[in-house]
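Subject: Two-chain model for your files

Dear colleague,

Please find the structure below, together with its sequence. My notes on what I found in it follow directly after.

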Amino acid sequence: MTATISTPLALIAELTHRCPLHCVYCSNPLELQSRRLELSTEVWSRVLKEAAEAGVLQVDFTGGEPLARPDLVELIRVARAAGLYVNLITSGLPLDERRLAEIVNAGLDHLQLSFQGAQEDAASEIAGTRVLEQKLQVIKWMRAHRIGFTLNFVIHRQNLNRLEEMISLGVESGAGRLEFAHVQYYGWAFVNRQLLLPTREQVDHSIRLLQQAQAELRGKVRVEYVTPDYYAKFPKACMGGWGRRLMLITPSGDALPCHAARVIPGLKFENVMNLDLLRIWRESDAFQRFRGEAWMQDPCKSCDRRTQDFGGCRCQAFLLTGDAAATDPVCSLSPQRPRVDATLAALNNPIAPSEAIAFDAPTPPAKISWAYRRNPA
Amino acid sequence: MHLEMNTRPRLAPGCRLSDSERSPRMLQMPERALRLNGSSLEIVTRCDGSHTVRQIISELQKMYSKAEPERVEKDILGYLSLLHEQRAVDFADEDAAAQE
């Protein structure tokens, strides 16, 4: 018996993989789609109308950098006219005052501005280009328009020691909402995991600071944070459950249950060029595969938490165990949890360098070597 | 900021009612939405920056004349405080102060 299929609540419209930034934890896949494969304005417009008819409440325009699409203003207008709540997730880099006014007038409801840090040097290292000054300018323009906005800070080992400065910047910005998201380890972040994964001490400290900020700012600014699940006892309810609430459309029109789903071998994705959105939601092999509970193994299958976390993240299960139907290995009940513990132990209790290398001339501290994403053709 | 009888609540930036032709009506916010039933919808539609809390209470007391007036007032104040805490409504005077 298949599970009852709910309606999707949000559509994540990944308009392009092109981006002026090269963030070392980018959520785009390692294989970026080129510009010539991107959907046309007409197809996106149809998809947005189909989404609203299917019951979707909100569209998140994202990328890459969604402002790289010259038709963004038109797509915002179409989405809003269809009855969707329109959110734009952007680096803010390609914005100027005139373009912001255009997207606000087209019906934008909310803008989410991503931050790599609270200082130019640190932010530039993560993004691979200078970014901070422009973002601060964008905030000024947004306040003048009285548009709702969230600042999203992505946090990790290299910037957690500056968390207090990020909180201050967020409070001063006048944002209604601040989001502090620990990096999740898929795609580019998985490649750079050894440099991004925070220590236990950093995690505990950051959670204390964020809880304090949450309490102090209650009623003024909403502070939300995502904890790093490697340090959690139970897995996150990834995407609110597979195929339960969210649907992601890639630049070329493939419909995915989440950003990373393409890493799972054997999943067959439908494309919006061939099938309408609601049929994809209901019938696509990729959406059906991990819906409900039939696919679950022990310990999930008989666990009381299976209706809360839905077994955790399928992509993480695959990346860390090789089996996409396994219990998410960050779960303390998973037989594979020792793999995650080994990764954390190597980070938190590094073995002292052996005496043998003391004969070598002292070497300068190794420069961090990030794997930066490129810009697709 | 205390909720006073002459406060004029209005929806915070980024929060709005869903279109009237879509059902059920929702209060839409970044990353979430609140489903609105009869009385909550009546309250939220009056969070427009021009109705005072006193006016909202008196209009709903007339509309729900079978309910105890004190109960209606208490429920409205509770609901507005909740919406304020969730950053769904601003109280007009503090919003003006934030623009300084």
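I begin with a helix of chain A, α6(A), whose face turned away from its buried side carries the exposed residues A:Glu164, A:Ser168 and A:Glu172. A residue is called buried here if 20 or more other C-beta atoms lie within 10 Å of its own, exposed if 12 or fewer do, and partly exposed in between, with C-beta atoms placed from the backbone. Helices (H or I, at least four residues) and strands (E, at least two) are DSSP runs, numbered from the N terminus.

Before going further, please note that this is a predicted model, in which local features need pLDDT of at least 70 and side-chain atom pairs count only at pLDDT 80 or more, while totals for chains, interfaces and linings use all residues. Residues are numbered from 1 along each chain as its sequence is written, and chains are lettered from A and ligands numbered from 1 in the order in which they are written.

To return to the helix, α6(A) comprises residues 163-173, and its buried residues are A:Leu163, A:Met166, A:Ile167, A:Leu169, A:Gly170 and A:Ser173. These cover an arc of only 160° around the axis, which puts them on the same side of α6(A); the arc is that of the directions from the helix axis to the C-beta atoms. In general, an α-helix has 3.6 residues a turn, so residues three or four places apart point the same way. The cover over the buried residues of α6(A) includes β4 (110-115), α5 (132-145), β5, β6 (177-182) and α9 (200-217) of chain A. Just after α6(A), A:Gly174 takes a positive phi of about 80°.

In α13(A), residues 314-321, the buried residues are A:Arg314, A:Cys315, A:Gln316, A:Ala317 and A:Leu320, and what covers them includes α14 (337-348) of chain A. Just after α13(A) comes A:Gly322, with a positive phi of about 85°.

Among the strands of chain A, β1(A) (residues 10-14) is mostly covered, with 5 of its 5 residues buried. Both of its faces are covered, A:Ala10, A:Ile12 and A:Glu14 being buried on one side and A:Leu11 and A:Ala13 on the other.

Not counting residues up to four places away in sequence, A:Tyr25 touches A:Val154, A:His156, A:Val183, A:Trp188, A:Ala189, A:Asn192 and A:Leu196, where contact means that the C-beta atoms, placed from the backbone, lie within 7 Å.

Turning to chain B, there are 4 helices and 5 strands, which follow the pattern β-β-β-β-α-α-α-β-α along the sequence. The radius of gyration of chain B is 13 Å, close to the 13 Å that the globule rule gives for 100 residues, so chain B is as compact as a globular protein of that length; the radius is taken over C-alpha atoms, and the rule is 2.2 Å times the number of residues to the power 0.38. Of the 100 residues of chain B, 30% count as buried.

Chain B has an open sheet of 3 strands in the order β2-β3-β4, with antiparallel pairing. β2 (16-17) and β4 (32-35) of chain B stand at the edges, each with a single partner strand, so one side of each is left without a neighbour in the sheet. B:Leu17 stands opposite B:Leu27 in β3(B).

Finally, the contact between the chains takes 18 residues from chain A and 15 residues from chain B. On the side of chain A that touches chain B, β5(A) gives the most, with 3 residues.

Best regards

Note on methods:
Contact = placed C-beta atoms within 7 Å. Pairing = 2+ DSSP bridges.
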